[in-house]
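Please read these points with the model open beside them.

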Amino acid sequence: MVVGQGCGKGHGGSTAYLSVGKQRLEFLVEDSGQFQNFKTRYLGTLTLTILGKHTLVVGGVKKAKGAVMGVREIRLARE
């Protein structure tokens with residue numbers, strides 16, 4: 001799973017997550033200089049074994065400063 005995340009100068013350090021069902025990838029949000037300056041980050045692998053619709057959730061665990069992050073994209077790819 002890949003996420004394009006942006007975070008304003010001095011606002012990094014929050015903890016966020018992406019989840020599908022009971023699977024969850026937590027990550028530390030990196031300062032990218034501004035919220036519209038996106039960094040592409042590889043977060044790990046989630047396995048989708050059942051055909052059909054799935055819900056992808058993006059959320060915050062802990063906010064370090066005034067805001068958590070901006071997200072431009074989330075990419076899923078077959079292995």
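Which residues form a nonpolar patch on the surface?

1. Leu-56, Val-58 and Val-71 do, with about 200 Å² of accessible area together. Val-58 is in strand 5, residues 56–62, and is partly exposed at a relative accessible area of 41%. (Partly exposed lies between buried, under 20% relative accessible area, and exposed, over 50%, with a 1.4 Å probe and protein chains only.) Patch residues have over 30% relative accessible area and no salt bridge, with nonpolar side chains joined within 5 Å and like charges within 9 Å.

2. This is a predicted model: local features need pLDDT of at least 70 and side-chain atom pairs 80 or more, while totals for chains, interfaces and linings use all residues. Residues are numbered from 1 along each chain as its sequence is written, and side-chain values use heavy atoms, without hydrogens and water.

3. The whole structure has 4 salt bridges, each a side-chain nitrogen of Lys or Arg within 4 Å of a carboxyl oxygen of Asp or Glu. One of them joins Glu-26 to Arg-24, with the closest N and O atoms 3.1 Å apart. Glu-26 is partly exposed at 48%, and Arg-24 is partly exposed at 44%.

4. Glu-30 and Lys-39 meet in a salt bridge at 2.8 Å, N to O. A network of salt bridges links Glu-30, Lys-39 and Arg-41. Relative accessibility is 33% for Glu-30 and 31% for Lys-39.

5. Glu-73 and Arg-75 form a salt bridge at 3.3 Å, N to O. Glu-73 counts as partly exposed at 27%, as does Arg-75 at 40%.

Definitions and conventions
Areas by Shrake-Rupley, 256 points an atom, 1.4 Å probe, with all protein chains shown as cover. Helix = DSSP H or I, 4+ residues; strand = E, 2+ residues; numbered from the N terminus.
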